[in-house]
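Subject: Structure for your review

Dear colleague,

Please find below the structure that I am handing over to you. My notes on what was found in it come after the sequence and the model.

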Amino acid sequence: ELNDYLARSYMHTGDLSEAQDIFLETTKKFSGTKESVDAYFYLGLIYFVNKSYPKAQAQFEKVLSQTQYSEHEIASRYWLWRASQKLDNSRAQQEAQILISKYPFSYYGLLAIAE
């Protein structure tokens with residue numbers, strides 16, 4: 001948990017490379033745990049910011065595959081949709097529909113509806 005706080009503080013100060021290293025280490029050390037799912041989510045955000053859309057998409061898919069840890073589900077759906085928009089428009093449309101149908105009155109659902 002300490003590593004998570006450290007990595008997120010690196011993110012907030014803009015040192016994405018350091019944050020990425022810590023999150024990658026977390027995914028290896030704590031595979032299958034809530035900590036690793038959190039790390040996949042934040043890695044997805046880092047990859048998205050760095051315009052590594054295929055890597056971002058893969059991280060958000062990993063989060064969504066761990067259904068026992070649903071804390072990041074809605075945000076992961078949203079960012080998966082955004083990454084898919086950069087890669088595959090048909091996939092992006094599918095992701096938007098899932099977001100809208102599953103979370104129509106959420107912040108992210110309303111953003112998808114507005115588009």
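Predicted model: local features only at pLDDT ≥ 70, side-chain atom pairs only at ≥ 80, totals over all residues.

Residues are numbered from 1 along each chain as its sequence is written, and side-chain values use heavy atoms, with hydrogens and water left out.

Overall fold

The protein chain has seven helices and zero strands; helices (H or I, at least four residues) and strands (E, at least two) are DSSP runs, numbered from the N terminus. The radius of gyration of the protein chain is 14 Å, close to the 13 Å that the globule rule gives for 115 residues, so the chain is as compact as a globular protein of that length. That radius is taken over C-alpha atoms, and the globule rule is 2.2 Å times the number of residues to the power 0.38. Along the principal axes, the C-alpha atoms fill a box of roughly 35 × 30 × 20 Å.

Buried residues make up 42% of the 115 residues. Here, buried means under 20% relative accessible area, exposed means over 50%, and partly exposed lies in between (1.4 Å probe, protein chains only). The chain exposes about 6,600 Å², of which carbon and sulfur atoms supply 52%; accessible areas come from the Shrake-Rupley method with a 1.4 Å probe, and for residues only the protein chains shown count as cover. Among contacts (heavy atoms within 4.5 Å) between residues at least 6 apart in sequence, 42% join residues at least 24 apart.

Helix H3 (residues 34-49) has 16 residues and reaches 23 Å from its first C-alpha to its last, close to the expected 22 Å. The expected span is 1.5 Å times one less than the number of residues. In H3, 13 of the 16 residues are buried, so this helix is largely enclosed by the rest of the structure.

Lysine 51 lies in the loop between H3 and H4. Its phi is near 65 degrees, a positive value in a residue other than glycine. Lysine 51 is exposed, with a relative accessible area of 61%. Proline 54, found in helix H4, also counts as exposed, at 52% relative accessibility.

Salt bridges

Side chains of opposite charge can pair when their charged atoms come close. A search of the whole structure finds nine salt bridges, each being a side-chain nitrogen of Lys or Arg within 4 Å of a carboxyl oxygen of Asp or Glu.

Arginine 91 forms one of them with glutamate 61, with the closest N and O atoms 2.7 Å apart. This pair links distant parts of the chain, as arginine 91 is in helix H6 (residues 89-102) and glutamate 61 is in helix H4 (residues 53-65), 30 residues apart. Glutamate 61 is partly exposed, at 32% relative accessibility.

Arginine 91 also pairs with glutamate 95, with the closest N and O atoms 3.0 Å apart. Because they are four residues apart in helix H6, glutamate 95 and arginine 91 are separated by about one helical turn. Glutamate 95 is buried, with a relative accessible area of 5%. Salt bridges that share partners join Glu61, Arg77, Arg91 and Glu95 into one network.

A further salt bridge joins arginine 82 to glutamate 115, with the closest N and O atoms 2.6 Å apart. This pair too links distant parts of the chain: arginine 82 is in helix H5 (residues 73-87) and glutamate 115 is in the segment after H7, 33 residues apart. Arginine 82 counts as buried at 14% relative accessibility, whereas glutamate 115 is exposed at 58%.

Isoleucine 22

Isoleucine 22 lies in helix H2 (residues 16-29) and counts as buried, at 12% relative accessibility. Leaving aside neighbours within four places in sequence, isoleucine 22 is in contact with Asn3, Leu6, Ala7 and Tyr10. From isoleucine 22 to valine 37, 15 residues apart in sequence, the C-alpha to C-alpha distance is 13 Å.

Yours sincerely
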